[in-house]
Amino acid sequence: MESGTAGIGREVAVEVVTTASLAPSIHNTQPWRWRLAAGRLALAPDVGRRLPVLDPDGRQLVVSCGAALLHARLACRVLGLEPEVELLPGSAGRPGPEPALRDDLVLATLDVRGRHAPTDADRLLFSAAGARHTDRRPFADQPLEPVLLEQLRRAAEAEGAWLMPLAHSDQRLGAAVVAARADWAEQTDPAYRAELATWRRADGPAGDGVPTDVAATHHPFRASDFPLRDFDTTGTADAAGTAGGPPPTENPTVIVLGTDADQTEDRLRAGQALARVLLTVTAAGAAASPLGQPVDSDGYRSVIERMLSIAGHIQMILRVGYPRRDAAASTLTPRRPLGEILVID
Ligand SMILES: Cc1cc2nc3c(=O)[nH]c(=O)nc-3n(C[C@H](O)[C@H](O)[C@H](O)COP(=O)(O)O)c2cc1C
């Protein structure tokens, strides 16, 4: 198997798609479908899982699919296979209109080209895939190690994206004000709340959506300059965890991940960068959660881009930090069964 397409078999496909399914996705919608045909995996969007209110043009759906693609590539490498990916086969790089987001659009194909010995870095990130989760708990009052910040920057750049920490207090203040305003706009939008409620899982196990025990809820004593997305749509959030007085104000490191352009291909790259960044965070013993509200709408997103003098496009804002030593254990969010997301021809 020196050169040429080695072909993906059934067993490898199952391993690869299982790892891909561990990727983060907006509201845990897992909006992806995989098909194995002629030794090649094809990734397509599951358009019925798009969020019409939060994500009308499907940007965050595509970013989520990009994250799954990075996980799939990593699984191939750890299996000793050299992955070869083509984004938007047949249309990438060609002038013309953007491909419409439809169930039959192939976002990417994944082939294997010969064998490759996995590196230590591949193994480290792969083992992080099983442990990574969105951690919305308060973080320790400890700045991110500069060496980790540098690793995150390189992880984003390796996937064709860029990463910028909000290092200056004026940048941070401006972004926090926009984030608070965007959060308020969503909280007071009945359509947004109704859509969120359909992905909130309060009643036992489900294969998708955000379970209440991993979701953050606003309560009067959780003070942070950047609001987390409040998954409580019932308005009954209590002040859990406030015994003994209010906890200290949270001051997490905030990083911005973006791309120079904002086409489907760029969004796929952003998703791969996001996944590589998040796995690097987990592998370093740190934790992260997206601060999505300011980039949900094009309006607030471009306000922040202008404010930060960014020529490109913000794809994600993340808070990153270290879990507190006294924090209760956090749990993993469920995934859909493989039979729902993988078709083998
Ligand atoms: C594009 C995208 C946007 C997201 N936005 C938010 C957000 O605004 N707030 C949040 O708490 N989590 C956000 N998440 C995290 C998802 O809710 C999370 O990935 C999903 O529930 C699965 O959980 P896990 O990451 O723990 O596996 C986002 C994830 C993606 C990929």
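Visitor: What should I know before looking?

Guide: Residues are numbered from 1 along each chain as its sequence is written, and side-chain values use heavy atoms, with hydrogens and water left out. Because this is a predicted model, local features need pLDDT of at least 70 and side-chain atom pairs count only at pLDDT 80 or more, while totals for chains, interfaces and linings use all residues.

Visitor: Which domains is the chain divided into?

Guide: There is domain 1 (10–133 + 334–344) and domain 2 (146–321), with bounds that come from an automatic or database domain assignment. Their C-alpha centres lie 22 Å apart.

Visitor: How many residues are in contact between domain 1 and domain 2?

Guide: On the domain 1 side 41 residues are in contact with 40 residues of domain 2, where contact means heavy atoms within 4.5 Å.

Visitor: And what area is buried between them?

Guide: About 3400 Å² is buried between domain 1 and domain 2, and carbon and sulfur atoms give 63% of that area. Buried area is the accessible area (1.4 Å probe) that two parts lose on being put together, summed over both.

Visitor: How many salt bridges are there across that interface?

Guide: The rule finds 3 salt bridges across the interface of domain 1 and domain 2, and 28 in the whole structure; each is a side-chain nitrogen of Lys or Arg within 4 Å of a carboxyl oxygen of Asp or Glu.

Visitor: Switching topic, where does the second largest pocket lie?

Guide: The second largest pocket lies between domain 1 and domain 2, because both give residues to its lining. A pocket is an open set of points on a 1 Å grid over the protein atoms alone, with protein on both sides within 12 Å along at least five of seven lines, whereas a cavity is a set of points where a 1.4 Å probe fits but cannot get out; lining residues have an atom within 4 Å of a point.

Visitor: How much space is in that pocket, and what lines it?

Guide: About 560 Å³ of space lies in the second largest pocket, counted as the space filled by probe spheres set on the points, which are joined across faces, edges and corners. Its lining has 28 residues, and the closest to the centre are Pro24, Ser25, Thr134, Arg136 and Pro290.

Visitor: How many cavities of 30 Å³ or more are there?

Guide: The structure holds 1 cavity of that size, and the largest cavity has about 40 Å³ of space. Its lining residues include Phe139, Leu144 and Val320.
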